[in-house]
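Here is a short briefing on one protein chain. Have the sequence and the structure open as you read.

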Amino acid sequence: MPDANTATSPSNKTAILAIILISYVMIVLDISVVLTGLPKIHNELGFTDAGLAWVQSAYTLTFGGFLLLGARAGDILGRRRMFVVGMTIFTVASVAVGASQSSTWMLSWRAIQGLGSAILAPTTLALLQTTFDEGEERVRAVSLYSAAAGVSATVGLVVGGLIADWLSWRVGFLINLPIGIATVAAARIYIHETKKRPGTFDLFGAVTSTLGMAAFVYGFIRSAQSGWDIITLTTLAFAVIMLGAFVLIERRARQPILPLRLFADIERSGAYGARALYISAMVGFFFFTTLYLQQVAGLRPALAGLAFVPATMLHVPVAMIVPRLIRRFGRNAVLIAGMLIGIVAMAWLSRAGVGSNYWTAVALPMVLIGISQGLTLSPLTSSGVVRVDHADAGAASGAVNVAHQIGSSVGLGVLIAIAAIGSNGLNGADLTAYRVSHAFDAGTVMLIATLVILLLTIIPAARRQSKSQEEVAPTECAA
């Protein structure tokens, strides 16, 4: 059977792109739709303040932990088959989350939902790589893929707030049922099965990476509630041991879920590290701003969702013009501009407190956050899969998504721990405002570190690649 990229007609490419984008929107939508409903979920299902973070982390941990295994499954068993399996698990789990009657039930099914996403996300990005030719066609597809994140963030936050206020936060999960069924049907019609590659599953690698990340997140979240006691420190030590074991396993495995050769390219390595730090700051922005808007500014969920519009209204249009900006100014300039704008925005947000004016303290820096995301995410995605063979397409897309989920889960846990430092004796709105401000200070430091990584890895690699192409071009003309 021919590979997808050699047997796909232009009309099918359009249909496949639509399926990929809808699937990605569903994944990101479920991350954002729950945010504006957090206070109601907190009260209705009896979560503790620190435990509330697990509504996100239970999902992102299994998502990040099994992404590499999900990517490998697509390579071995066929990407269409694994797309259908992933979407089915995700849809069933969404319905179960919507029917939750206890915190335990919800967290269990959120974890299963993350498993579905772990199969689905790398499969969609790998299909994008193998369906669209490298160059202008793929740049456009990746830009739309990144813009889909902005659309889903906007819809998730606004609609999530409206649904939580007027109906129930549960509706945001139940709506996935008809969409999931329709997407599975469309995939079976339009997506050709990819060539299966012989291989085995690196189960030990998947288990050690998942346990390691789970222990890291639990340790940091626990520190916010119980301090740096022996249990917290033991948990973090266990995380280091598991992640160390994971690296050793990947070095010796015949067919690792994360081939270490992916890190031989400094641009890809830099893209993974930069993405993890950048997403850490941005997920912290959404999480802590939600708490600020409802618990400090006193907005109802519906208004809190609408209050996020300044952060998301420019994400999509900016992401759509990124290919033109790259052609005119170069990718390096676009990346640096996006990072500098993000640093200014996060530092600005850290000044918000009790009694701050929404428009000047929150809305204006939110606009800059949206611009930063639009400029940054697409180039980072491209750098994460640059110069990758088709045989490693699934692994490379899995690595991109793992970096994303490390930022979403481990990064959020770190910010929650930092936000709690020095907050003893505060309560109510003062406590929330203090934690939000400290979280944004830490987010600013994360973005500065991201910029440093870009300057040391991606920017020099891109310059060398551009210089190499300029040297080859005259030779080809002479020939």
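The model is predicted, so keep an eye on confidence, which pLDDT scores for each residue from 0 to 100.

- Is Val296 buried or exposed? Its relative accessibility is 15%. Buried means under 20%, so Val296 counts as buried.
- Which residues does Val296 touch, leaving aside those up to four places away in sequence? They are Leu291, Gly353, Val354, Ala429, Thr432 and Ala433.
- Val296 and Asp430 are 134 residues apart in sequence. In space, their C-alpha atoms are 7.7 Å apart.

**Helix H11 with helix H15**

- Helix H11 covers residues 266-296, and helix H15 covers residues 331-349.
- The axes of H11 and H15 come within 12 Å. They cross at roughly 25 degrees.
- Angles under 35 degrees count as roughly parallel, and H11 and H15 are therefore roughly parallel to each other.
- The crossing of H11 and H15 is left-handed.
- On the H11 side, the contact is made by Glu267, Tyr278, Ala281, Met282 and Phe285. On the H15 side, it is made by Arg331, Met339, Met346 and Leu349.
- What kinds of residues make up this contact of H11 with H15? Seven are nonpolar, two are charged and none is polar.

**Helix H11 with helix H16**

- Helix H16 spans residues 358-384. H11 and H16 pack with their axes 10 Å apart, at an angle of about 155 degrees.
- Angles over 145 degrees count as roughly antiparallel, and that makes H11 roughly antiparallel to H16.
- H11 passes H16 in a left-handed crossing.
- The residues in the contact of H11 with H16 divide into 16 nonpolar, seven polar and three charged.

**Confidence in the model**

- The chain has a mean pLDDT of 80. A pLDDT of 70 or more is reached by 84% of its residues.
- Where is confidence highest, and where is it lowest? It is highest in helix H15, at a mean of 93. It is lowest in helix H6, residues 136-166, at a mean of 69.
- Residues 1-7 have pLDDT below 50. Beyond near neighbours in sequence, this stretch has 15 contacts in the model.
- Residues 470-479 stay under 50 in pLDDT. For them, the model has zero contacts beyond four places in sequence.

Notes. Residues are numbered from 1 along each chain as its sequence is written. This is a predicted model: local features need pLDDT of at least 70, side-chain atom pairs count only at pLDDT 80 or more; totals for chains, interfaces and linings use all residues. Side-chain values use heavy atoms; hydrogens and water are left out. pLDDT is the predictor's confidence in each residue, from 0 to 100. Helices (H or I, at least four residues) and strands (E, at least two) are DSSP runs, numbered from the N terminus. Contact means heavy atoms within 4.5 Å. Axes are lines fitted to C-alpha atoms, for helices over the stretch in contact, and angles run from 0 to 180 degrees between N-to-C directions. Angles under 35 degrees count as roughly parallel, over 145 as roughly antiparallel, 65 to 115 as roughly perpendicular and the rest as oblique. A crossing is left-handed if the near helix is turned anticlockwise from the far one by less than a right angle, and right-handed if clockwise. Ala, Val, Leu, Ile, Met, Phe, Trp, Tyr, Cys and Pro count as nonpolar, Asp, Glu, Lys and Arg as charged, and the others, Gly among them, as polar. Buried means under 20% relative accessible area, exposed over 50%, partly exposed in between (1.4 Å probe, protein chains only).
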